[in-house]
Every structure is written in C-alpha cells, then in structure tokens.
Amino acid sequence: MTIPQLLYESILWVEGATALIALLCYHREKQQYWKYFCLYLIIIFLCEVFGKYSPRFIEYDSPKFYNYFVIPLEFIFFYWLYAAKAFGRPRLFYIVTFIYLLSFIPNEIFLDTNKEIFSINYTLGCLILMILVIMEYYNQVNSSEIVNFSKNRMFYINLGVTLFYIGTLPFWTFFAQIKQYKEIWNIYYSYFQISLIIMYILFSISLIKGKQELKSP
C-alpha cells in the first residue's frame, strides 16, 4: 500500500474516532452550544461514510453531494461557530452566510456544475473563513486568558481550520491547473490528506481538553 493510499484509508478512521469522541462528549456538552459541534462532527463522519460506501449499493452524483451539501454545511457551520458564538455577533454570521450563498449564482449560470469542486464557491467560502480565523487569532492573542491557551477549545479548532481549509485553499482554487503537473499535485494532495487528519485530531483534543464556553448571542 502506498503512502497516499494509507493516508486515504486513515482519514475515515480518524474522522470516525473523532465522531465517537463527540458522541461520548455530547451528554457533557448538551446544555451548551458545543453540543452542535459534537453533532456536526458526527454528521460529517456519516456523510463521509455515505460518500465512500454508497456507490456499492446505489448510484448518486458524488460531486453534487459534496458541492451542494457537505461543503456548504462545513462552511456555514464554521461561520456560525466563529461569528455567532465565538464572537457573539449573530448578525455577522447572517451576512457572511448570505455572501457565501451568493457565490452559487455564477456557478449555476456561467460554470460547469459537474466539476469535482466549485472553485469560485470554495475559494470565496475559504476567504470568508480565513477572515474569521484571523479575527479569532487576534482575539486570542489579545485575551487575558492567553496563558491558558491549552484549555481554550477555539485554539485547537482555529489551528485545525488554518492547517486544512486555509492551507489547502490554493490546491482547490487552482485544482484543474495543478492537476496538469503530477508531481506538484501529488505533493499538495498528500498535504491535503495529512492536514485533514491533523485537523480532526485537533478537534478531538478540543473536546477532550478544551474548557472554553462560547458566548451566547
């Protein structure tokens, strides 16, 4: 088994372990908004299981499943987590979500909707998320609780989001162009796999070690 194949097989196991931890932590978090983070991790894992194994039993359009459901769910959830909860600014959540959803319009009108990933949609979604990530880093650095960062749940989540979503932004934005250069594509695809695994490990750590309560709107 090659390293890319090993990483590919490992991803679902890591996501499954994270979903199991989320399930075990749900009862502890059910009186807080963190319960939705637990549910999110479980739902994403089930989506990945469906995406990997369902073609053996049913026919479905995999790119559309991810482009119209899984990826928007990921972005909108993190917009909610950052804007509405971590920053306590629900109006900001509605604004960035509306802007992100608008990016589907050019895809439907001008671009091929059968592509592996909607580059304009994904790029805008990541850029919005990057702004929220930078805002969270700024809040953490300027917080009096910075010395207790190891107990800050958002520290682990923010780091994971940075490594995966922000780190792979050029890969998915220029996916078609990069694919023409096999060596570069292989390197970046390996980074995509490794950063995804690390992100879910960090999410698990955030549930186990993190103590921070999010702000209510």
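The legends below describe close-up views of a predicted model.

**View A. Threonine 168 in the loop between α7 and α8**. Threonine 168 lies in the loop that joins α7 (153-166) to α8 (169-173), and, because its relative accessibility is 0%, this residue counts as buried. The side chain of threonine 168 reaches back to the backbone oxygen of phenylalanine 164, at 2.5 Å. When neighbours within four places in sequence are left aside, the residues in contact with threonine 168 are Tyr122, Leu163, Tyr188, Tyr191, Phe192 and Ser195.

**View B. The packing of helix α2 against α7**. Helix α2, which spans residues 34-53, packs with α7 at an angle of about 35 degrees, and the axes of the two helices are 13 Å apart. The crossing in which α2 passes α7 is left-handed. On the α2 side the contact is made by Trp34, Phe37 and Tyr40, while α7 contributes Arg153, Met154, Ile157 and Tyr165.

View C. Cysteine 25 is buried, because its relative accessible area is 9%, and the cut-off for buried is under 20%. For cysteine 47, the closest cysteine sulfur is also in cysteine 38, but the distance of 16 Å is too far for a bond. Cysteine 47 likewise counts as buried, because its relative accessibility is 7%.

Notes:
Residues numbered from 1 in each chain as written. Predicted model: local features only at pLDDT ≥ 70, side-chain atom pairs only at ≥ 80, totals over all residues. Heavy atoms only, no water. Helix = DSSP H or I, 4+ residues; strand = E, 2+ residues; numbered from the N terminus. Buried < 20%, exposed > 50% of the residue type's maximum accessible area, 1.4 Å probe, protein only. Polar contact = N/O pair within 3.5 Å; in protein donor to acceptor, adjacent residues only side chain to side chain. Contact = heavy atoms within 4.5 Å. Disulfide = S-S within 2.5 Å. Axes fitted to C-alpha atoms, helices over the stretch in contact; angles between N-to-C directions. Left-handed = near helix turned anticlockwise from the far one by under 90°.
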